[in-house]
Amino acid sequence: MPASGILYGHPVSQPSRSVQWYLDYSGNTTVERKVVDLMVGAHKLPEYIGKFPHHEIPGFEMEDGFCFAESLAILKHVSAGDETIKPQTARQEARLNEYFGRHYSQVRKFSTDVFFQHILTKNEEKKQAGLVAIKPQLESYNEKLGKQKYILGDKLTLADFLFAPEVDQMEAVGKEVLAPYQNILKYLERLTTDVKGYKECIGGMRSALGLNKTAPALKLVYFELPGRAEPARLAFAVGGVAFEDKRVSGEEWGMKIKPTVGPKQLPLLDVDGEVIGQSNAIMRYAGSVSSLGGKQLYPKEAGEALKVDEFCDIVGEVFGPLGKTFAIEEETER
């Protein structure tokens, strides 16, 4: 008989998504789901604390009013008797219990040391330290998933329901975070196509964080040389941002393009059909949409952005007089 009651959770909460995913996987329609908005502190309101004194997310309320928290406890409750994910031997059971301990002492650091620092506290220093700290875990699981289908072998277990929501959230920090770990990315893709409910699980997180927005079509237009477009080209390349690098001749610019656009100087950046001029504006935009190691190239923090602007303006002052020398044909004079 399927479990029944009320699940209190939020799509940005990794432990909540673990339980929600399992309910979708198992086809459970008897558990009511209520969203508790973490972003506005709803988990700390008196009516919620009355049920869950430590304001944990997720929480589970049984039909008789008994309330308990912790995702693993809830997962064990709602999955009781499910043979499709149950270990078949005592050794498999031991491995699963081993993972449970490792999950809370190590894997959860993906959230506490990186994701929360990026989304909630916006502490860049702690986030960068967290990215360094979780690297050994990512390397270890990447190696394992190169040899087996799921976390504990070729059978889906509760370990997968705990692990995947922790690692897939790194997309919100920056797609380049998981780029070196191709086996983990293949694992997540396999879950999306092969395991019921996971597509909805990751979709809820993406919607809540605005990650479902389609990236704009970008076309950078400049001459066949580095010049003032090169900083934007490099930023897009470093951040893995797709863009069309359109290089034109002087004749093509003057005869075909210039008469049709508002800005009368190159470079130009076409963003979904809207044409933007001015190299510094384009460079800052490129830096804002590009990241390296989970860190935006053009800083969000005002003080750091000020330092970047100062350096860029110094370079601009040098580049102006230097650029004029390209038109001087006599080598000694130049």
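## Ground rules

Helices (H or I, at least four residues) and strands (E, at least two) are DSSP runs, numbered from the N terminus. Two strands pair if DSSP finds at least two bridges between them.

This is a predicted model, in which local features need pLDDT of at least 70 and side-chain atom pairs count only at pLDDT 80 or more, while totals for chains, interfaces and linings use all residues. Residues are numbered from 1 along each chain as its sequence is written, and side-chain values use heavy atoms, leaving out hydrogens and water.

## A hairpin and its turn

Let us begin with β7 (residues 268-271) and β8 (residues 274-276), which pair in the antiparallel sense over 3 bridges. Across this pairing, Asp 270 stands opposite Val 275 in β8. The hairpin has 2 residues between its strands, and Asp 272 takes a positive phi near 50° there. Asp 272 is not a glycine, and at 55% relative accessibility it counts as exposed. Here buried means under 20% relative accessible area, exposed over 50%, and partly exposed in between (1.4 Å probe, protein chains only).

Strand β7 itself is covered on both faces: Leu 268 and Asp 270 are buried on one side, and Leu 269 and Val 271 are buried on the other. In a regular strand the side chains alternate between the two faces of the sheet. In the loop between α12 (250-257) and β7 you will find Pro 267. A cis peptide bond joins Leu 266 to Pro 267, with omega about 10°.

## Strands on either side of β5

What does β5 pair with? Strand β5 (residues 218-223) runs parallel to β6 (residues 244-248), joined by 5 bridges, and antiparallel to β7, joined by 4 bridges. Leu 220 shows both pairings: its bridge partner is Asp 245 in β6 and Leu 269 in β7.

Together with helix α11 (residues 230-239), strands β5 and β6 make a right-handed β-α-β unit. A crossover is right-handed if, with the strands pointing away from the viewer, the path from the first strand over the helix to the second runs clockwise.

## Helix α9 and the cores

Helix α9 (residues 182-194) has 13 residues and reaches 18 Å from its first C-alpha to its last, close to the 18 Å expected at 1.5 Å a residue. That expected span is 1.5 Å times one less than the number of residues. Ile 184, Tyr 187, Leu 188 and Leu 191 are buried in α9. Seen down the helix axis, the buried residues of α9 fall within an arc of 95°, so they line one face; the arc is that of the directions from the axis to the C-beta atoms. An α-helix has 3.6 residues a turn, so residues three or four places apart point the same way. Turned away from the buried side of α9 is a face with the exposed residues Lys 186 and Thr 193.

A nonpolar core is a set of buried Ala, Val, Leu, Ile, Met, Phe, Trp, Tyr and Cys residues joined through side-chain atoms within 4.5 Å. The largest one has 54 residues, and those touching the most other members include Tyr 187, Leu 188 and Leu 191. Helix α7 (residues 158-168) gives the most to this core, with 7 residues. A second, separate core of 19 residues includes Val 241, Trp 253, Val 271 and Ala 286. As for Tyr 187, its contacts (heavy atoms within 4.5 Å) include Leu 145, Tyr 150, Phe 163 and Ala 164, not counting residues up to four places away in sequence.

## Loops that meet

Ser 13 sits in the loop between β1 (5-9) and α1 (14-26). Is Ser 13 buried or exposed? Ser 13 is buried, at 6% relative accessible area. Leaving out residues up to four places away in sequence, Ser 13 touches Leu 38, Ile 57 and Pro 58.

Leu 38 lies in another loop, between β2 (31-35) and α2 (46-49), and is partly exposed at 25% relative accessibility. Leu 38 and Ile 57 are 19 residues apart in sequence and 8.5 Å apart in space, C-alpha to C-alpha. The peptide bond from Ile 57 to Pro 58 is cis, with omega near 5°, and Pro 58 belongs to the loop between α2 and β3 (59-61).
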